Amino acid sequence: MPTPIIVNGADTAWVLVCAALVLFMVPGLAFFYAGQVSSRNTLAMLQQNFIPLGIVSITWILLGYTIAFGDDAGTGLVGNVKLFGLMHAGTTPAPAPAFHVVAPGVAIPTLAFVAFQMMFAVITPALITGATAGRLKIVGWAVFIAVWSVIVYAPIAHWLWHPGGWLARLGAQDWAGGMVVHTSAGAAVLAILLVVGRRRNWPQTGTLPNSLPLTIVGAGVLWFGWFGFNAGDGLRADTIAAQALLNTHIAAAAGLIAWLLLERFTSGHATVLGAVSGAVAGLATITPCAGYVSTLSALAIGVVAGLVCQLAMRVKFRLRFDDALDVVAVHFIGGVLGSLLLGFFADRAANSLGADGLFFGGGVGLLWRQAVAVVAVAAFSFVLTWIIAVAIQKSIGLRVPPADEDRLDRVQQAVEAYHLDAVSGLPGSSGPGAAPQRPVPARAAAGGPDSTVSLVTGLLDPERVHTDELEDALSRAGAASVVVTEAHAAVESPQAQTVRGYRRNLELVSRLRIEVLVPDRSVAMVLDVFDRFSAEHPEGFVQVVKPSTSIQREHGATP
């Protein structure tokens with residue numbers, strides 16, 4: 001007589017909450033990446049991360065789930081396709097597939113498990129976009145993730161997370177995706193970059209992040225969502241879930257501190273971007289270990305992650321491998337590192353369903369099995385990704401033309417992410433055939449119709465300017481009107497800014513362009529004011545404005 005199945009409401013609720021947390025990581029990843037790219041590619045990066053929510057969700061219910069978690073086809077490589085479209089997944093008599101058994105006699109509804117695992121399938125290909133920033137056609141990318149999620153991700157998930165998978169039978173362990181998610185996505189990055197190539201003129205030229213605060217917000221969302229990513233994989237609200245959640249946080253904290261210390265020692269600056277990079281490295285590295293190790297082991301794993309992933313980040317410049325946002329260094333190396341470290345730190349005292357690693361008396365058996373699994377997953381993902389990417393590149397195209405890579409928002413979205421200047425914010429003409437606006441007439445300069453008026457222009461360092469002081473000084477100098485605009489000027493000594501070890505020289509620096517209309521007798525005093533507020537090399541030039549010209553323009557006449 002079959003054992004009766006009891007649906008555990010608490011476990012079901014916990015898994016559903018964790019599914020929502022993992023989904024929340026997708027916009028977190030989008031913000032994390034979008035803040036680091038050029039302002040002209042921000043919307044393109046956001047879209048590349050959001051469309052897996054639509055595409056992969058559909059491929060998952062059609063084929064992905066049944067390939068990953070359907071009954072094994074007998075080879076340990078893929079599941080059968082009896083659950084195509086989730087047919088009968090929620091209505092077949094217990095215990096399977098209407099219920100997903102998590103312990104003898106205890107289960108959650110299979111559809112809860114489907115939803116939870118769907119979110120992992122969604123976020124995995126999205127990780128790739130950080131490496132290929134500025135180079136992907138949106139249609140080619142959409143086709144790529146649809147194919148990749150079915151023929152690469154789903155089989156790997158079957159290998160490690162289905163009891164009949166060949167790596168699961170071998171004894172390899174992957175708590176929440178160090179191999180299924182991070183290693184597979186990282187190996188895919190290596191392959192796809194071989195197809196799309198480097199950005200134009202990289203590394204000689206590059207752009208600065210458009211909004212590091214946006215990146216920090218994204219990192220915070222990722223950290224928060226990662227609790228569901230790691231703590232939900234036991235599918236139960238129990239002690240192991242609490243241990244996994246705590247391990248996740250401690251590893252992230254340790255990775256953050258280790259990254260900052262090494263960054264401070266090597267470059268002289270401990271940066272906020274380094275802090276969140278170290279945290280994400282710790283999160284990626286603890287992922288395969290979270291439910292199998294103790295808290296102190298998680299601390300050690302996080303420290304190793306912060307150090308190793310930062311050192312790995314520097315290799316791309318030596319190999320001239322254009323991984324734009326260091327996905328390989330953080331996610332691939334983190335996933336591989338964590339999967340191997342499990343062979344050292346695994347402890348059955350933390351989870352009796354696991355195994356003991358080398359440091360806890362288990363010998364090298366688990367470490368060997370982890371190494372075999374890492375190599376198998378990385379090789380499989382690399383080869384199939386390269387084939388998919390080449391096929392798409394030769395058919396519909398995967399890489400954008402080099403001339404478009406610095407303006408993807410305009411090309412792909414027909415709108416830009418930011419319109420922060422005052423002129424763009426003003427209402428204006430729109431619609432087909434709108435009549436052009438008449439020019440605003442200029443006012444006559446002070447001093448009377450017979451006086452000579454000059455337009456004095458200077459470029460000032462904004463860091464030296466206080467608007468009230470400048471206004472008072474120009475007023476005392478006799479200014480009739482003052483116009484201030486933003487400008488950029490070439491300098492003899494470029495200003496350097498460093499992002500994750502990559503130095504970007506600013507040959508054109510920000511300046512305030514000050515245009516002052518004054519009587520001719522006051523020109524010298526205005527130039528003296530400019531000298532007081534200027535940078536190292538004050539610049540100013542004078543144009544004489546004829547009174548008749550000003551009067552004619554005020555009346556709308558042509559000079």
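Mentor: In this predicted model, helix 16 covers residues 467–476, and its buried residues are Leu470, Ala473 and Leu474. Viewed down the helix axis, these buried residues fall within an arc of 95°, so they line one face of helix 16. The face turned away from that buried side carries the exposed residues Glu471 and Arg476.

After helix 16 comes glycine 478, which has a positive phi, near 105°. Glycine 478 is also in contact with serine 522, and so is Ala477; these are the contacts of serine 522 once its neighbours within four places in sequence are left aside.

Serine 522 itself sits in the loop between strand 6 (502–519) and helix 17 (523–533). Its relative accessible area is 5%, and because buried means under 20%, serine 522 counts as buried.

The largest has 122 residues, of which Trp60, Phe144, Tyr153, Leu160 and Phe229 touch the most other members. Helix 4 (residues 138–161) gives the most to this core, with 13 residues. Apart from it lies another core, of 16 residues, including Val456, Ile514, Val516 and Val523.

How values were computed: Residues numbered from 1 in each chain as written. Predicted model: local features only at pLDDT ≥ 70, side-chain atom pairs only at ≥ 80, totals over all residues. Heavy atoms only, no water. Helix = DSSP H or I, 4+ residues; strand = E, 2+ residues; numbered from the N terminus. Buried < 20%, exposed > 50% of the residue type's maximum accessible area, 1.4 Å probe, protein only. Contact = heavy atoms within 4.5 Å. Arc of directions from axis to C-beta. Core = buried A, V, L, I, M, F, W, Y, C linked by side-chain atoms within 4.5 Å.
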